[in-house]
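Please look over the model shown here before reading the report. The notes under it are arranged by chain and by contact.

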Amino acid sequence: MATAAVKTLGVLPRPTAQTGFWSWVTTVDHKRIGIMYGITAFLFFLVGGLEAFLIRLQLMKPGLEVVGASTFNALFTMHATTMIFLAIMPLLAAFMNFLLPLMIGARDVAFPRLNAFSYWSYLFGGIFINTGWVMGAGSGSVPNSGWFGYANLTSVKFSAGLGPDFWTLGLLLLGVGTLVSGFNFIVTILNMRAPGMSLMKMPIFVWTTLVTSVLVIFSFPAITVALLMLLFDRTFAANFFNVEMGASVVFWQHLFWTFGHPEVYILILPAMGIVSEILPTFSRKPLFGYSVMVFSTALIGFLGFTVWSHHMFAVGMGPVVNTIFSLTTMMIAVPTGVKIFNWLSTMWNGQVKLTTAMLYAIGFIMCFTIGGLSGFMHASAPSNTQQTDTYFIVAHIHYVLIGGSIFAIFGGIYYWFPKMFGRLLSEKLGKLSFWLVFIGFNTFAFPFHFLGLMGMPRRQYTYDSSMGWDFWNLVSTIGVFILTAGILTIIYNFVQTMRKPADAPADPWDGRTLEWTIPSPAPVYNFAQIPQVGLRDAFWFAKHPEKGQKAADSLSYPERSQQSLIHMPGQSYMPALLALGPTILAYGLLYMRSGKPFAMPAAILGVLLTLLGFWGWAFEGEGGTMIEPEEGR
Amino acid sequence: MGIRRVPGRIGFALLALAGALLTGCSTLPQSPLDVKGPVAEMQTGLLMYTLWIALGIGIFVTVALLFVVFRFRARPGVTSVPKQVHGNHTLEVIWTVIPILILVSVAYPTVNAAFATSTPPADAFTVRAEGNQWWFGFNYPEGFTTANELRIPVGKPVRLEIVSRDVIHSFWVPKLAGKIDMIPNRTNVMWLQADEPGLYMGQCAEFCGDSHAKMRFRVLAMEEKEYTAWVEQRLAMMDGPKNLSEKAVLGREIFEGSKANCWACHTVDGTKAKAVVGPNLTDVGQRHSIAGGIMDNTIENLQAWIANPPAFKPGTTMPIHEGRLTPEEIKAVAEYLHSLK
């Protein structure tokens, strides 16, 4: 009777398609969601790469006019916005989504529909923020005030086009999905670990996911507030950043960087987690100093909230404030440095196997260290005033984000590809791609250090030959061509590999963690039987017991008196619908300032769809199916 | 082998960098490594100290990494599992304490320099520097205003009050001092001093719109006697241009006329032109550059600039004159401006 009543209240029935287009649109399976994140993010990565390519083409020689000033400014704004929000974060989310339940011995995340909603918010937000390109690259409709959108350049007075509106609304859409994911992962980690898996027995990647998620939920509200203020200024003539009404534009910077600094740790901690999983596997030794690594991760997360004004050393806050932030910034270097030595020690006395994944992990150690060292150089406020807003900072950014995050992501792709797709990527092509990427990246990014120390500021659409910057700009552009060849090799590797049959073994690398105990690709229910975990790296010690250890002490599958069928969460249209509503609302708000007649109807439609999504979500009933696992373990 | 080339490449780059540093970057007009004053000396000094530490640690980690990868490479045919070591307390302490000590050694001079570089000496005189899209205005205590070329006496501290009249800009002349932002609704204070005469390059270093890349300035440091003489001469210019050639007189008429209306945006002291939308042009003839520091100050460049400003500075509000003035008229205005010295 209750079910009948619920059925009549609902909007749409729960879909049940297992294959085909709609099965993907309505999926709530964390593995499929992870793959969707990964593919979408890789495509956006290519978009961001194309934007970088055009930037470097323009800067190859002094005085070039490959693109106009306005287009160039849109290019560097969108390159950074795309790479940070639409490429790196979602690529890391792809791994967190796919691996988290597998690593803790769970069947899915705590809130599967919410998980799907996060993906759809990302996809629609990403499309939304790029819509301006169709209106013309230099038209002012593409965000072009820099990826941190400083007030008051973003005011209507100084940016009359739609660019900052697309940027503001787009980031709001993207932010909701991310925030929601943060909560989802925390609840999953705290509540759904396999029996016996205490917090200190979790894989380190799960720890980095946990700390990253905490950073997300505490930092995203700051940028949400800032974006809402800017939105209100631009759409409803509010005065938050209105200079004529006495506003402080520095306030934007404080809000932005209160988010922006934790954001960079959001970009690197999961990457460090990936490297911390790859290195032990291909050294055949445990992660050195696991507890210290966990503690360092948490400390970096916490201290990440105490350093934000190091992005503002040139704002003129005075020597007391500048000194304080110099000191906190220096503090954060300590747990970061500790990690590097622990990684080196993991390989010490191990049996290092140089697979493609391992090459990227090793490349990460070298290049992230370089990026971290330029970061250490920026920490001292007085010397920072000679570095900030120059290419020396651009060097730091690219070493930590490419040499750090992207290398880890590429390594992770090679490492976990068999678990995701049931095939092993070609090692030969993988290694070739690594060297092209490594050499290309260093060739394009290392010269940025020189250019910064030669006085070249950031965000310059052109430069004069009299400044002495010609040579290194040319070298940098040549590096981009080499890097491009590397990326194309990776894509070729994907395509070739997907043509092969899906016959990869469950445990191709002699892995240490639970995802390698299940078949490749992972079955839809993950584990036919949830394991009982005895210690950290349980699978490894079950395969290679130490003296006096029994395999069953590490990992066992106790006989449980429960039904042999597994309950799978129900699919749903609602996550996609609930993400679509706010997107349409955003398009409506976009045009309100200019008074276009369709603006208000679009906004209202967006609100209605959102409400419909909430209603449908709440009343669509439990759904779900029971399935029989394929093998008995 | 590929992996052996890598440290070679990085090592070469580092040596090149060290070489560039040691031989001095005087051929680089805007390099913060080529220090010419006490403020930059403190800031760049810290930068160099941290640079050497960074290079040292970077080389150490790279070498250690390569050593570990090669020394502990998996030998083919070995099936035994290496000893599963979980950690080492002593090592953790060592590699926590040593970085802390290094950081303390950086923190101490940081605090000193932070206060010293932000506290102008008591005997400094004050110039007000204004940021505009896309030029710099300088108001002197004697009561006159120049633009895009800040003249200062050698060996004397100058206190700068830094403001903006539109969006956030940044005032950066690397050889003399680190940058400070020019922020609307806010007055920032910095100081600088040039210890040698010379023309020092500066640039806006905070993204400020379409022509951010074209917002440059210069600091001209002159021997004290010359500087005092210049101040006198500049004050004498306050009551209007003198000894203009025939062509320049014609140019002045156009400048103050209704065809071009230059006077509606610019100031030339002692004349009808008293507007402050664009830069003060009273002494433009004696500046080393024009158009916000992007072109050498020649009659040809002045003509080209006046004819079509947006061609040089996208987004500028200075109108295109090549339709409404004939080339001869533009040349006359250029002559007029060129004689303002």
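The sections below cover the conventions, the two chains, and the contact between them.

## Conventions and confidence

Residues are numbered from 1 along each chain as its sequence is written, while chains are lettered from A and ligands numbered from 1 in the order in which they are written. This is a predicted model, in which local features need pLDDT of at least 70 and side-chain atom pairs count only at pLDDT 80 or more, whereas totals for chains, interfaces and linings use all residues.

The predictor assigns the complex an ipTM of 0.93 and a pTM of 0.94. A contact requires the C-beta atoms of two residues, placed from the backbone, to lie within 7 Å.

## Chain A

Chain A has 19 helices and four strands. These elements are DSSP runs numbered from the N terminus: helices are H or I with at least four residues, strands are E with at least two. The radius of gyration of chain A is 25 Å, close to the 26 Å from the globule rule for 633 residues, so chain A is as compact as a globular protein of that length. The radius is taken over C-alpha atoms, and the rule is 2.2 Å times the number of residues to the power 0.38.

The C-alpha atoms of chain A fill a box of roughly 75 × 65 × 50 Å along the principal axes. Of the 633 residues in chain A, 60% are buried, meaning that 20 or more other C-beta atoms, placed from the backbone, lie within 10 Å of the residue's own. Among contacts in chain A between residues at least 6 apart in sequence, 81% join residues at least 24 apart.

## Chain B: overall form

Chain B contains eight helices and 12 strands. Its radius of gyration is 27 Å, well over the 20 Å that the globule rule gives for 341 residues, so chain B is more spread out than a compact globule. The box filled by the C-alpha atoms of chain B, taken along the principal axes, is roughly 95 × 45 × 40 Å. Buried residues account for 43% of the 341 residues in chain B.

## Chain B: strand pairing

An open sheet of five strands has the order β4-β10-β9-β6-β7 (chain B), with mixed pairing. Its edge strands, β4 (149-153) and β7 (177-182) of chain B, each pair on one side only. Strands count as paired if DSSP finds at least two bridges between them. In the parallel sense, β4(B) pairs with β10 (residues 216-222) of chain B over five bridges, and B:E149 stands opposite B:R218 in β10(B).

Elsewhere, β1 (residues 125-132) and β5 (residues 158-164) of chain B pair in the parallel sense over seven bridges. β1(B) also pairs with β2 (residues 135-139) of chain B, in the antiparallel sense over five bridges. β1(B) and β2(B) form a hairpin with two residues between them.

## The contact between the chains

The contact takes 83 residues from chain A and 78 residues from chain B. On the side of chain A that touches chain B, elements giving two or more residues include α4 (69-104), α10 (319-347) and α14 (427-453) of chain A. The largest share of that side, 15 residues, comes from α10(A).

Terms used. A residue is buried if 20 or more other C-beta atoms lie within 10 Å of its own, exposed if 12 or fewer, and partly exposed in between; C-beta atoms are placed from the backbone.
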